[in-house]
Amino acid sequence: MQAQNDLIKLYSQKILALAAEIPHLDRLEAPMGTARKRSPLCGSTVTVDLDVKDGRIVRFGQDVKACALGQAAASVVGSAILGRTRAEIEAARDQLRAMLKEEGPVPAAPFEGLEVLLPARDYKNRHASIMLSLEATLDAFDAAEASASCA
């Protein structure tokens, strides 16, 4: 009975609502940077396309094939991502990882919505899926900057 209650808590209405309403859920045409990240444990994948101008994300698209937790994370990230710098995304990734693995605080604004994933702390096999969107965004940011420096 406890395991069933834990799963109900983990897949809260808020998480399921976020998973159903992921912003920027279309791939971009001719993006400056693209990256695909996959969780080897569960097979979840997130592909991110983006454009960067003056060190900030100005266009963003994502293709999310993940569990509800990975989708919820992608939803929060998609809602907050436009206008963000690489440093802000790195900070959010590091704060999310600390929240999940080290009982750290909730990520700072504008990524504080990731708080909804606090119940996932106890489900280590879901952490990689939750991290995918931010990790793919960082890789796509690097690819965009590399393509800009080659132009």
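Strand β1 (residues 33-38) is joined to strand β2 by six bridges, and the two run antiparallel; strands here are DSSP runs of E with at least two residues, helices are runs of H or I with at least four, and both are numbered from the N terminus. Two strands count as paired if DSSP finds at least two bridges between them. This is a predicted model, in which local features need pLDDT of at least 70 and side-chain atom pairs count only at pLDDT 80 or more, while totals for chains, interfaces and linings use all residues. Residues are numbered from 1 along each chain as its sequence is written, and side-chain values use heavy atoms, with hydrogens and water left out.

**Strand pairing**

- Glycine 33 has leucine 50 as its bridge partner in β2, and the hairpin of β1 and β2 leaves six residues between the strands, where glycine 43 in the turn has a positive phi of about 85°.
- Strands β2 and β3 also run antiparallel, joined by nine bridges, and one of the pairings links aspartate 49 to glycine 61 in β3.
- Two residues lie between the strands in the hairpin of β2 and β3, and aspartate 54 there takes a positive phi near 55°.

**Arginine 59**

- Arginine 59 belongs to strand β3 (residues 56-65) and is partly exposed, with a relative accessible area of 31%, given that buried means under 20%, exposed over 50% and partly exposed in between, for a 1.4 Å probe and protein chains only.
- The side chains of arginine 59 and aspartate 51 are joined by a polar contact of 2.6 Å, a term for a pair of N or O atoms within 3.5 Å in which, within protein, one must be able to donate a hydrogen and the other to accept it, and residues adjacent in sequence count only if both atoms are side-chain atoms.
- The arginine 59 side chain also reaches the backbone oxygen of glutamate 29 at 3.0 Å.
- Beyond its neighbours within four places in sequence, arginine 59 is in contact (heavy atoms within 4.5 Å) with residues including Pro31, Asp49, Leu50 and Leu82.

- Eight of the nine residues of β2 (residues 45-53) are buried.
- Leucine 50 is among the residues that touch the most other members of the largest nonpolar core, which has 42 residues; such a core is a set of buried Ala, Val, Leu, Ile, Met, Phe, Trp, Tyr and Cys residues joined through side-chain atoms within 4.5 Å.
- Helix α5 (127-150) is one of the elements that supply at least two residues of this core, and α5 gives the most, with nine residues.
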